[in-house]
Amino acid sequence: MGLPYPGGPHVDRLAQQGNPLRFEFSKPRIAGLDYSFSGLKTSFLYFLRDNLKENENFIEENLNDLCASLQHTIIDILLNKLKKAAKQTGIKEITVAGGVSANSGLRLALQENAKKYHWNLLIPKFEYTMDNAAMIAITGYYKYLKNEFSGQDVVPFARTQL
C-alpha cells in the first residue's frame, strides 16, 4: 500500500479514519490455538491487485477503509484465538506486550472483551509499548547486574527446549 516501515503504526492511524466493515477479507481456518497471517496477506495482495486493475487509484481512494478493514480482520483473528485459549485453559490473566500492544484497535477490543469475559487484562501504558528489542535489552541489563554471562559457545534458541 506504499506505507513506510514499520507499517503497523500507520495502518492503526489510518484505520481510525476508515470503515472497518467496508471490505471483507478471508480468515484462515487453522485448528487449535495456532494462527497464521500468511493466507490473509496473500488474500489481501490479490484483492489489491484485482482492484488496481480496474482502478489504478484504488489504494489512494480507499486507504483509510483498507487499513480499517485489514486491522479489523487481524483483531478478529487474534481475539477468536485468545477467547478459545482462555476457555480451554481457564486462564483469566491476559497480558499483551511489545509493539502489537500499541495498536489502538486491539487495545480497545481487548478492553471490551476483558469486561465481557471477566479477564484481568494487563497492557502497558502506551509509552511502554516498545519493540521486543527493549525487552531483550532490559533482560540483558538485569543479567549483567547479576553477573550472569554466557560464552560464544552457547547456542541461542528462540524457544525453550523440552
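Is the crossing of α2 and α3 left-handed or right-handed? Please also describe the other contacts of α3 and the largest pocket.

Reply: The crossing of α2 and α3 is right-handed, a crossing being right-handed if the near helix is turned clockwise from the far one by less than a right angle, and left-handed if anticlockwise. The model is a predicted one, in which local features need pLDDT of at least 70 and side-chain atom pairs count only at pLDDT 80 or more, while totals for chains, interfaces and linings use all residues. Residues are numbered from 1 along each chain as its sequence is written, and side-chain values use heavy atoms, with hydrogens and water left out.

Helix α2 covers residues 38-54 and helix α3 residues 58-89; helices are DSSP runs of H or I with at least four residues, strands are runs of E with at least two, and both are numbered from the N terminus. The axes of α2 and α3 come within 12 Å and cross at roughly 160°, where an axis is a line fitted to C-alpha atoms, for helices over the stretch in contact, and angles between N-to-C directions run from 0 to 180 degrees. The two helices are therefore roughly antiparallel (over 145 degrees; under 35 is roughly parallel, 65 to 115 roughly perpendicular and the rest oblique). In this contact (heavy atoms within 4.5 Å), α2 supplies L40, F44, F47, L48, N51 and L52, and α3 supplies F58, I59, L66, L70, T73, I74 and I77. These residues comprise 11 nonpolar, 2 polar and no charged; Ala, Val, Leu, Ile, Met, Phe, Trp, Tyr, Cys and Pro count as nonpolar, Asp, Glu, Lys and Arg as charged, and the others, including Gly, as polar.

Helix α3 also packs with α1 at about 110°, their axes being 7 Å apart, which makes α1 roughly perpendicular to α3. Here V11, D12, L14 and A15 of α1 meet L63, N64, C67, A68 and Q71 of α3, a set of 6 nonpolar, 2 polar and 1 charged residues.

With α4 (residues 104-117), α3 packs at about 35° with the axes 10 Å apart, and this crossing is right-handed. Among the contacting residues are Q71 and K83 of α3 and N113 and Y117 of α4; by class, the contact has 8 nonpolar, 3 polar and 1 charged.

The largest pocket has a volume of about 1000 Å³. On a 1 Å grid over the protein atoms alone, a pocket is an open set of points with protein on both sides within 12 Å along at least five of seven lines, whereas a cavity is a set where a 1.4 Å probe fits but cannot get out; lining residues have an atom within 4 Å of a point. Points are joined across faces, edges and corners, and the volume is the space filled by probe spheres set on them. Of the 33 lining residues, G7, G8, P9, V11 and I74 lie nearest the centre. Helices α1, α2 and α3 each give two or more residues to this lining, which has 21 nonpolar, 9 polar and 3 charged residues.
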